[in-house]
Amino acid sequence: MKGNDMGKISLPKYEELKKLVLINANIAQVLPSECRALSDRVFKKNGNRVSETTFKRIYGFAYSKYSPSLFTLNVLAKYCNYKGWDDFCEKQDKKELTSSKDFNWQLLRQGAHKITEFTLRALKNKSGIPYGQTINRAFIDFHFDEFIKSGRTGTVLAAPAGYGKTIALCQWVEKKIEFDELNNTNDIILLFSSNAIMSVLVGGRDIHDWMLALLGYNNDIDILLDIRQRGSNKFYFIIDGLDEHMFKSDHFKVILNQLIDIFSFYKDHDWFKLVLVVRTATWINNRHELETGDNLWHTGFKKDDGCINVPLFNLTEMKLLCHQIQPGIENLIAAKVIENFNHPLYFQFYYQQHKNVFFKNSIDHLSFYETVSAFILKKVYLGNYSTEKILLIKNLVEKLNIKNEQYKIDKPSVNDVIKKYNHAYQELLSVGFVRELNESNEYLVDIYIVFGNNEFMDHSIAKTLLYDNSNLFDGDLINAINKLLINNEHKVNVIKWCVIHAIKSGQLKSIEYIIGVCLSDNEKSELITFLGEVLDSEYSSTNRNESLIQYFKHSFSEKLFDYFFGLELINSDYKKFLHVLLKFELSDKKKILIYSTLSIIAIIQLELNDLEMSLTQLKAFPKAEFESFSINPINCLDAVYYHLKYGIIKTEALSDLTKLYFNSGNSLELNKSAANDLLYLLGSYTLLLANNPKKTLRFISFLKQNYRTDNLEDQMSQYGFFLKILTANAYFELGERAKVEEIYDSIAVTFKKNDDLLTPYMKVLFYSLKIRTLINTSKENLIAAEMKNINNITSKASYKFLKIYISSILLKSPNLQNSAPEFYKQVNHDFNKIIGDCELNARIFLQNIMIKK
């Protein structure tokens, strides 16, 4: 190849000439400031000048679209004591001819290994978690195995920012190198980061020639194509982090075109493999350029995955990662909490915040929100263009069609805003706070902007609503949330962000406005759990929030306190919430209600030790404190405790309840409240000890006449639900099947419309009611499915009393024992296990009915 053929300048020769120029100028490492002096030295030696700007382009300090001119090459060659560029090239060819005799595939491999090792060190040092504590991920092995089997030339790892693409790739490259060494495989792995590719572009060089030059090969590609030297080995050319936001648009286009040329050149050679690691948006925006011809890329994408083939952590991976960081901790964290951190980005950010006390403190839902908040603070609100980013996010939120649950923003509709805040937009793209989706086809141009994930969007919606409401947490904010997010799945999370803002900004008295948020029972339960975690965090922090302490002591409203009660809320998290409330200075009446609720939870969970402790606390209060209650909770709870513990029925509570409904009702607490609902339901359930369903029905009738009526509103309330369950149970004991089915149907109509209307505790009661309608009927074969539903819920929530109670009903059915002996046997086994674990007497539930072992 002649050196003056400017369309085919040999990059290796050009790189060698650049090195010789520096050697002759006695410069070990060129700096931009030395380019002027270099220009002067060349001029003094041979009378021809190469400008300072040209030298900056030559050594990569300025961008150049074109190769150097022949004049420049001749001047530089003469400076290095050659006659000119042609003379330099001819003498270089002679050297290469001599050296190439000893050059082979193995030397190429050694050169690639050095570059790959350097790149690996650089990438591993950027890991948010110490690389030695990261885990191998199965998906990456499967992806590459499938890629090799496919016979295709190129593959891509695509996911939004923070999915762990780079670390997974590093893990695979290291395993591949180790495997090759053990099995004497001579595959070449050449790994680069996007930063290296950028330096190629700035230097005005061709990626393919640069790649060969780095490998130390200064001839053409004969060795790569020579099957005698290559054998069955493969060449992996891997580029990590090749994303549009890293480059100017015209720069990225040049790189993309060069990679397409490389792909096109090698696509018929099964030994060459091109691997790109990109963000999803980069692939979507450019796949029409990359996917050409019949040798398409192996992507591993599945339907509706949004061009993401790097999954988030699964639960097993999360536990393994926790174990890597702190052995043994993985079994101490609740699965539903740890799943919040399945995003590698969040996990590493949590680690960076708590590396010295990793998971030693209680990790809960609040920890997740604090991690997301810290990430947003660091990546969005701090640093360059923070104001512009805030204004841009607000504009994007305002373009969301939240009411119709459409969360894609048409990019052309915000193009003017993006132009105005372009630097801010690019930064939000780079950290993955927002991303672009290109869903264009031959008929439509559809380019969208979406938030990086739901957490970023929920936070942005909350901040925008607060901004529009002067950052006040008040009734106007709640009305705005109810109006904008009616029946919307994002409502609870938006409220959570607003609650954090209110507490952190000292708006404690305003917290009671959460009562006005329209929520389902499940959503309310989730919000109360979260609020408990926030309160506990503020109370337990080293900088204790004293204003919070004073709020609960003096300003804790009765309405908000009442909002926190209800049988429908019962679960383990609700139990924790009640214990948090007890940390604050409350009135004796409030404490009595809390301990009574904890006692009810203990009964439902069959935790008799907890029940005994709560009763001890209740009995420590002065008797006068109980006079304001129409139903004395101590008597009811004590009666249940003695029955479960000793099989003894203390009649004092039953007598008091009987006197109550024979009373005229004048002394009854008529104020409708969740706390009173709880006490009256406690009384109703306590009457079950009398084993007299008619007595239970009389008490329910008494409550309907004197407390909550039988109107539609009360029937549809949570209190009404529990009263219906009690009523159905009484009719079941009386053998009035038609009335049981009538009650079941009235609940089922509402339940089937919206499954989320019932909390887990209510669902177990509902499934139990359905089982009562099926016993001793032709549909008895359906009972197993309903019992499976109960088991699925009780395996996650400890509702042992409910499970053992419905099991006892099934065990009393001779028909079931004969028609479904295996199912009956399983019910019997589960029943006996709970009895044994809780150290109970089976006769309490079976009333001396014999059970086959």
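Analyst: In this predicted model, four strands form an open sheet in the order E1-E4-E3-E2, and their pairing is parallel. At the edges are strand E1 (154-158) and strand E2 (188-193), each of which pairs on one side only. From one strand to the next, the twist averages 15°.

Strand E2 runs parallel to strand E3 (residues 235-240), and six bridges join the two. Within this pair, Leu190 stands opposite Phe237 in E3. A helix also belongs to this picture: helix H7 (residues 138-150) lies across E1, E3 and strand E4 (272-278), and its direction is at about 160° to E1.

Strand E6 (residues 434-438) and strand E7 (residues 447-451) pair in the antiparallel sense, over five bridges. Leu437 stands opposite Tyr448 in E7. From E6, Val434, Glu436 and Asn438 point one way, while Arg435 and Leu437 point the other way, and all are buried. Because five of the five residues of E6 are buried, this strand is largely enclosed by the rest of the structure.

The nonpolar interior comes next. In soluble globular proteins, nonpolar side chains tend to be buried together. Here the largest nonpolar core has 190 residues, and Phe433, Phe451, Phe564 and Phe565 are those with the most contacts inside it. Helix H29 (residues 588-604) gives the most to this core, contributing 10 residues. Leaving aside residues up to four places away in sequence, Phe564 touches Ile528, Leu531, Phe556, Leu569, Tyr574, Phe577 and Leu581. A second core, of 37 residues, is separate and includes Leu256, Phe272, Trp283 and Val450.

Cys80 counts as buried because its relative accessibility is 6%, under the 20% cut-off. Cys498 is buried as well, with a relative accessible area of 0%. With a disulfide taken as a pair of cysteine sulfur atoms within 2.5 Å, the count of disulfides is zero.

Finally, the chain as a whole contains 43 helices and seven strands. Of its 853 residues, 53% count as buried. Among contacts between residues at least 6 apart in sequence, 70% join residues at least 24 apart. The chain exposes about 40300 Å², of which carbon and sulfur atoms supply 49%.

Terms used. Residues are numbered from 1 along each chain as its sequence is written. This is a predicted model: local features need pLDDT of at least 70, side-chain atom pairs count only at pLDDT 80 or more; totals for chains, interfaces and linings use all residues. Side-chain values use heavy atoms; hydrogens and water are left out. Buried means under 20% relative accessible area, exposed over 50%, partly exposed in between (1.4 Å probe, protein chains only). A nonpolar core is a set of buried Ala, Val, Leu, Ile, Met, Phe, Trp, Tyr and Cys residues joined through side-chain atoms within 4.5 Å. Contact means heavy atoms within 4.5 Å. Two strands pair if DSSP finds at least two bridges between them. Accessible areas come from the Shrake-Rupley method with a 1.4 Å probe; for residues, only the protein chains shown count as cover. Axes are lines fitted to C-alpha atoms, for helices over the stretch in contact, and angles run from 0 to 180 degrees between N-to-C directions.
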